[in-house]
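Reader: I'd like to go through this one label by label and hear what stands behind each term. Can you take my questions in turn?

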Amino acid sequence: MNKFFDLETLQKDVLELSNSLFLLTQKMNEDNLNENGQNKYLKVFILKIASASKSLLKLSESTKLNVNNKTAEIIDYPSVLLLARGILENYLTMEYLYFNEIDNNEKDFRFKLWRMSGFMLRQNSLKDIPQYEDILSREKIEIENAKMDIKNSIYYSQIKKNDTWKLDAFGIPRVLSWIKLIELSQLKTKSFKDIYQLYSNYAHSEFLSMMQLYNFGYNSNSEMVVEMSKSTYIVSNSVISHCFKNLITFIDYVDETSLNLDEKAKSRIDYWYNYSKK
């Protein structure tokens with residue numbers, strides 16, 4: 001899908017859309033979005049996506065090397081792909097927790113799983129650091145209460161039997177895989193499933209990533225590197241446009257008028273939303 005897009009246009013859209021998303025977080029601050037319960041994390045998701053999109057642009061710039069009087073320009077595109085994967089995962093988690101049509105009880109079940117998993121990871125990784133002792137003690141009580149609620153929930157059966165042990169060991173952040181979340185999301189399934197699977201190869205030392213690095217290297221002039229970079233901008237632009245459309249529906253006081261978006265900004269959001277939706 002990259003062939004239809006000009007690199008500079010894609011980069012400009014990432015810049016403008018991420019700026020608009022930062023504007024949205026300011027609006028949420030001004031209107032004091034409910035800071036209690038689950039909604040307080042919405043702003044964090046938005047900031048993560050906007051910040052990561054800005055970082056995409058910086059990371060996609062070539063770096064000049066001078067080794068033994070030989071110069072070269074490289075782009076660390078595997079890191080760019082992993083950053084784009086993170087942007088996509090953040091949006092999918094927003095859909096999973098907030099932007100869906102399940103009832104509030106099931107949403108509460110999902111949120112408790114997600115939150116408890118985070119607490120448990122912190123328990124395991126920070127248990128030997130004295131400064132965190134009080135925090136971990138308080139959170140341990142919350143973990144036990146959440147476990148009880150989760151195990152007594154009518155939605156507990158959504159956790160696969162072979163995975164129930166994980167609940168006590170280190171938590172389960174979600175009951176659906178990333179691929180299943182893409183299939184259920186508002187994004188085009190095949191396009192984003194293929195992109196996610198490709199990007200995921202670069203998270204580890206999979207053969208595909210090594211093979212492509214061997215064939216194409218890190219050269220900033222490589223057509224392959226350019227196409228890979230373009231795909232990450234497409235992911236960023238698509239995700240941000242869906243964030244806007246969902247948040248306008250989800251938050252009563254947020255709309256295109258209250259955000260003072262100009263016609264170009266509205267048009268840019270509409271274009272990427274329509275391009276990437278099912």
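**Labels and their cut-offs**

Author: Let's begin with Ser209, which lies in helix 9 (residues 207–216). A word on ground rules: this is a predicted model, where local features need pLDDT of at least 70, side-chain atom pairs count only at pLDDT 80 or more, and totals for chains, interfaces and linings use all residues. Residues are numbered from 1 along each chain as its sequence is written, and side-chain values use heavy atoms, with hydrogens and water left out.

Reader: What makes a stretch such as residues 207–216 a helix here?

Author: Helices are DSSP runs of H or I with at least four residues, numbered from the N terminus. Residues 207–216 form helix 9 under that scheme.

Reader: Why is Ser209 called buried?

Author: Buried means under 20% relative accessible area, exposed means over 50%, and partly exposed is in between (1.4 Å probe, protein chains only). Ser209 has 1% relative accessibility, so it counts as buried.

Reader: And which residues does Ser209 touch, leaving aside its neighbours within four places in sequence?

Author: Asn201, Tyr202 and His204 are in contact with Ser209, where contact means heavy atoms within 4.5 Å.

Reader: Is Ile195 buried or exposed?

Author: Buried: Ile195 has 9% relative accessibility, and its place is in helix 8 (residues 189–200).

Reader: How do you know that Asp149 and Lys112 form a salt bridge?

Author: The term asks for a side-chain nitrogen of Lys or Arg within 4 Å of a carboxyl oxygen of Asp or Glu. For Asp149 and Lys112 the closest N and O atoms are 3.0 Å apart, so the pair qualifies. The pair links distant parts of the chain, with Asp149 in helix 5 (residues 133–152) and Lys112 in helix 4 (residues 104–126), 37 residues apart. Asp149 is partly exposed at 38% relative accessibility, and Lys112 is partly exposed at 26%.

Reader: What makes Glu144 and Lys147 a salt bridge?

Author: Their N to O distance is 3.8 Å, so it falls within the 4 Å limit. Glu144 and Lys147 are three residues apart in helix 5, separated by about one helical turn. Glu144 is partly exposed at 41% relative accessibility, whereas Lys147 is buried with a relative accessible area of 11%. Both belong to a network of salt bridges that also links Lys151 and Asp168.

Reader: How many salt bridges turn up in the whole structure?

Author: The search finds 17. One joins Lys166 and Asp163 at 3.2 Å, N to O.

Reader: Where does Asp163 sit relative to the largest pocket, and what makes something a pocket?

Author: On a 1 Å grid over the protein atoms alone, a pocket is an open set of points where a 1.4 Å probe fits, with protein on both sides within 12 Å along at least five of seven lines; lining residues have an atom within 4 Å of a point. The largest pocket has 14 lining residues, and Asp163, Ile172, Arg174, Val175 and Leu176 lie nearest its centre. About 370 Å³ of space lies in the largest pocket, volume being the space filled by probe spheres set on the points, which are joined across faces, edges and corners.

Reader: Which residues touch the most other members of the largest nonpolar core?

Author: Leu21, Ile49 and Leu88 do, in a core of 71 residues. Such a core is a set of buried Ala, Val, Leu, Ile, Met, Phe, Trp, Tyr and Cys residues joined through side-chain atoms within 4.5 Å.

Technical notes:
Helix = DSSP H or I, 4+ residues; strand = E, 2+ residues; numbered from the N terminus.
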